Amino acid sequence: MVKFTEEMIEGLRVPGKGGSLVYLCTSSLDGKPNIAAMRFVATHMDDKILIADMFLLKTKMNIKENPDVTVAICHPLEEGRWWAFKGKAVDIEYGFPRDFDWYGANATDILNEWGDWNKSEPPEEVPPDIVFPKAAQRGVVVVHVEEAYSIEPGHAGEKIL
Amino acid sequence: MTVKLTERMQAWIEKMGCHLCVATPQGVPYVTLGRYARATGDDEVAFALAKDELSVIYPALSVNPWVAFGVSHQGGIRASFQFKGIGHLVKEGPLFDDIAKDAESVDTYAVLYVKVSEIYCTKPGAEAGQRLDIMAPGDVCDWEKERWKDIPRK
């Protein structure tokens with residue numbers, strides 16, 4: 001069982017609040033990898049990373065057939081956030097049973113707090129030529145983190161959680 | 001289908017380096033940094049990897065050559081693309097030396113060459129997931145120039 005450090009909790013927030021842009025890495029069941037940057041990120045409990053299901057395609061398909069994922073900090077790495085988190089993910093979409101549980105995380109709690117993420121933490125820091133014209137959130141990806149390793153040069157692969 | 005990285009894609013890849021994602025045949029993904037990157041052809045990128053960086057991905061890469069990568073740092077948002085292809089490692093010889101000699105910031109242990117066969121737009125919104133390598137190379141350039149013109153310089 002892992003527990004995020006304070007630095008990780010600070011870093012795993014939306015970039016506009018001092019957090020990070022992250023890469024969510026998934027794979028098809030037969031091993032074809034996929035990597036996509038995510039802006040809406042938060043932590044929940046001691047060991048859950050939350051990411052908005054907003055415009056997910058291949059990522060969503062992969063998670064539906066294979067829960068193994070890795071979340072790595074994309075930017076800013078220079079602040080010492082050389083982290084990659086491995087775990088099991090589910091996409092809690094609207095329509096899931098409200099009492100659905102993912103390693104202790106409750107669907108109702110998740111959707112109540114993060115189900116309209118664009119409204120609660122709008123992407124004000126995202127450049128106008130990148131930002132989407134209209135939010136379309138379908139749910140929240142919940143990653144149950146089981147371990148973390150460093151991607152820092154000279155220390156890559158070292159276990160940090 | 002001919003895959004051709006645009007000038008802007010190449011510039012972002014080379015300026016920022018990339019996050020490299022591989023997976024085991026059973027689908028467990030691993031990520032490492034490719035801090036030094038160079039486009040070595042229209043559809044090929046080489047990454048200089050230190051020993052520790054390679055060690056993260058080698059167990060998977062040695063049995064499954066698929067590599068997906070996205071641009072690191074600010075490139076994760078400014079260069080909204082995902083690239084996929086087949087990778088192969090080189091640990092000695094001219095192909096190794098050619099990259100290692102210029103990768104001053106990396107204690108190069110191996111060079112990963114990725115032959116890119118798929119390019120996706122990852123800009124959030126209606127174009128997220130749009131596959132670009134199915135377009136003619138000139139059309140990809142035009143498509144990109146309509147959206148972005150920022151080309152980073154080293």
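How many residues of chain B are in contact with chain A, and how many of chain A with chain B? In this predicted model, 41 residues of chain B are in contact with 39 residues of chain A, where a contact means that the C-beta atoms of two residues, placed from the backbone, lie within 7 Å. On the side of chain B that touches chain A, two or more residues each come from S1, S2, H2, S5 and helix H3 (75-78) of chain B. Helices (H or I, at least four residues) and strands (E, at least two) are DSSP runs, numbered from the N terminus. By class, this side of chain B has 19 nonpolar, 17 polar and 5 charged residues; Ala, Val, Leu, Ile, Met, Phe, Trp, Tyr, Cys and Pro count as nonpolar, Asp, Glu, Lys and Arg as charged, and the others, Gly among them, as polar.

Residues are numbered from 1 along each chain as its sequence is written, and chains are lettered from A and ligands numbered from 1 in the order in which they are written. Local features need pLDDT of at least 70 and side-chain atom pairs count only at pLDDT 80 or more, whereas totals for chains, interfaces and linings use all residues.

Chain B contains an open sheet of 7 strands with antiparallel pairing, in the order S2-S1-S5-S6-S7-S4-S3; two strands pair if DSSP finds at least two bridges between them. Strand S2 (29-34) and strand S3 (36-41) of chain B stand at the edges with a single partner strand each, so one side of each has no neighbour in the sheet. Neighbouring strands of this sheet are turned by 35° against each other on average, direction ignored. Axes are lines fitted to C-alpha atoms, for helices over the stretch in contact, and angles run from 0 to 180 degrees between N-to-C directions.

Within the sheet, strand S6 (residues 81-90) and strand S7 (residues 110-121) of chain B run antiparallel and are joined by 10 bridges. B:Lys84 has B:Glu118 in S7(B) as its bridge partner. Helix H1 (residues 7-16) of chain B packs on the sheet, where it touches strand S1 (18-23), S3, strand S4 (44-49), strand S5 (66-71) and S6 of chain B. The direction of H1 makes about 150° with that of S3(B). Helix H2 (residues 51-61) of chain B lies across S1, S2, S4, S6 and S7 of chain B and runs at about 140° to S2(B).

Chain A has 4 helices and 9 strands, arranged from the N terminus on as α-β-β-β-β-α-β-β-β-β-α-α-β.
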